[in-house]
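Please open the model in a viewer and keep the sequence panel beside it.

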Amino acid sequence: MSRARKKKKLFVKTWGCQMNEYDSDRLLEVMGEIGFEESAEMNDADVIVLNTCHIREKAAEKVYSELGRIKQVRNARLQEGHDTTIVVAGCVAQAEGREILARAPLVNIVIGPQSYHRLADYVFSAQQHKQRIVDTDFPADLKFEHLPQRSGRKLTAFLTVQEGCDKFCTFCVVPYTRGGEYSRPADEIITEARELVAGGTREITLLGQNVNAWHGKGKKGAPRNLAGLLEQLAGIDGLARIRYVTSHPNDMSDDLINAHRDIDRLMPYLHLPFQSGSDRILKAMNRNHDVEKYIDIIEKVRDARPDIALSTDIIVGFPGETDADFEDTMKLVDRVKYAQAFSFKYSARPGTTAAKMEGQVEPHVASERLQRLQEVLKEQQLEFNRHLVGRELPVLLEKPGRLAQQLVGRSPYLQPVHVMAPAHLIGEIVTVKIVETTRNSLAGELVPHVETGKSRTLV
Ligand code: SAH
Ligand code: SF4
Ligand code: F3S
């Protein structure tokens, strides 16, 4: 299929979660089919895509300030006789749809996350017929059926297995921007994983807004839940590491917990958001779990895999949150001890139930709480990293570091690891003795033994 006469350029800017990063890769593949190649520069791009996030107010506002900058780029290109097609994709596109066209007249196409397989056609229509297009259709099944094969050579890749959410936490826009929960069929996922591995991928992170709610369609012998899917993926030759994100406590089955004990290639890392340590607030958030249930899961997970690195999401300043509620959050953090955590000030989102609740917390109170929480979380992260000093860890080397002859990889626990090593080891899993740590990364020395056999080198 070749409508393009010469290679045209596409620039994609991505905000938000890992699913948006995955989607941006897929958009590049869709456009690659009609002869577009990726550009690192907005200035020489024929098409600019903003892949947006709507989760908090600041995230959504960034799009409009970026459009201001793009206007200048577009005008400069126009003076040189080049047209630029401007696309707003992602969760802001889904949430605001047509409003974007009214607020930003330079935008040509608004496309929601479930319509990406149609982007090439829309770009063609926008360029040839000067149409302005809005597509915010659901559901996701058509998209996955029509997206092209995976291409590219990435050592570590994301793979969406589940999209959307039916849980309707009262603060969250995701059920509105990504639609209802949809699980991709297992065979489609396995095929995509094989394509990635054939292209050189050694680590895959399965993605879903509620990835552990993934369920199979019940063909005989086919995996029925995420644990079964992980087991099948672990059988793919050449795939060394598997991760998954984000999980919801209510879908954390015993099978999945036991997978952390039984599947070597499943990395010892679990991101399990709890949002608040107060049962009262959890109720108002419509989380449908309480603190006790969360702790129970954490204990089971630690029994199954004692060294597991735990991560979470926390919101402070949810409407009605008192000092005592916040102290409960601090207590839960202190009890669990996290290797990593993401914490946010509550942001009222249009259309959500919580935005209309009484007792919105003063911004300065929320800021103070966030600061206190983040100090403890930073300390815990450092503590987790410190306990790895002196240990020998398998590290998947991914890319050159900032120093000459330095490479950077990832530990099983997801921290970046810096090590002096020759470039030909990129793509290998090597053993590194950890000698130093900061909050965000580890540094170590190469232990002179390369795990070969299963490993392949990409350079
Ligand atoms: N699907 C995932 C997370 C989705 S959004 C889950 O259920 O855990 C990522 C994180 O953003 C959430 O876990 C939550 O902590 C945060 N978040 C979502 N909506 C928010 C809001 N309105 N204000 C502040 N933080 C929010
Ligand atoms: Fe949002 Fe809750 Fe769904 Fe997560 S589970 S995506 S926080 S509604
Ligand atoms: Fe943002 Fe949409 Fe992801 S709102 S966090 S890009 S699902």
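This is a predicted model: local features need pLDDT of at least 70, side-chain atom pairs count only at pLDDT 80 or more; totals for chains, interfaces and linings use all residues.

Begin by selecting Asn 288, which is found in the loop between α11 (279–284) and α12 (291–304). Helices (H or I, at least four residues) and strands (E, at least two) are DSSP runs, numbered from the N terminus. Asn 288 has a positive phi of about 60° although it is not a glycine. Most residues other than glycine have a negative phi, and most peptide bonds are trans.

Residues are numbered from 1 along each chain as its sequence is written, chains are lettered from A and ligands numbered from 1 in the order in which they are written, and side-chain values use heavy atoms, with hydrogens and water left out.

Next, select Val 245 and Thr 246. The peptide bond from Val 245 to Thr 246 is cis, with omega near 0°. Thr 246 belongs to the loop between β11 (241–245) and α10 (254–262).

**The ligands**

Now display ligand 1. Which residues are closest to ligand 1? They are Phe 171, Gln 209, Gln 275, Asp 313 and Ser 347, out of 15 residues that surround the ligand; a residue is counted as near if one of its heavy atoms lies within 4 Å. By class, this shell around ligand 1 has six nonpolar, four polar and five charged residues. In this division, Ala, Val, Leu, Ile, Met, Phe, Trp, Tyr, Cys and Pro count as nonpolar, Asp, Glu, Lys and Arg as charged, and the others, Gly among them, as polar. Strands β13 (309–316) and β14 (340–345) each supply at least two residues of the shell around ligand 1.

Show the side chains of Gln 275 and Asp 313. A polar side-chain atom of Gln 275 lies 2.7 Å from an oxygen atom of ligand 1, and for a polar side-chain atom of Asp 313 the distance to an oxygen atom of ligand 1 is 2.6 Å. At Ser 347, display the backbone: one of its N or O atoms lies 2.8 Å from a nitrogen atom of ligand 1. The protein covers 89% of the 530 Å² of accessible area that ligand 1 has on its own (Shrake-Rupley method with a 1.4 Å probe).

Move to ligand 2. Among the residues around it are Cys 165, Cys 169, Cys 172, Asn 210, His 248 and Arg 287. The shell around ligand 2 comprises seven nonpolar, two polar and two charged residues.

**The sheets**

Colour the strands of the open sheet with the order β2-β1-β3-β4-β5-β6, whose six strands pair in parallel; two strands pair if DSSP finds at least two bridges between them. At the edges are β2 (36–38) and β6 (133–135), each of which pairs on one side only. Neighbouring strands of this sheet are turned by 20° against each other on average, direction ignored; axes are lines fitted to C-alpha atoms, for helices over the stretch in contact, and angles run from 0 to 180 degrees between N-to-C directions.

Within this sheet, look at β4 (residues 85–89) and β5 (residues 109–111), which are joined by three bridges and run parallel. Val 88 stands opposite Val 110 in β5.

Finally, select the open sheet of three strands in the order β12-β13-β14, with parallel pairing. Its edge strands are β12 (269–271) and β14. Three bridges pair β12 with β13, and Leu 270 stands opposite Leu 310 in β13. To end the tour, show helix α14 (residues 363–386), which lies across β13 and β14 and runs at about 175° to β14.

Conventions. A polar contact is a pair of N or O atoms within 3.5 Å; within protein, one must be able to donate a hydrogen and the other to accept it, and residues adjacent in sequence count only if both atoms are side-chain atoms. Contact means heavy atoms within 4.5 Å.
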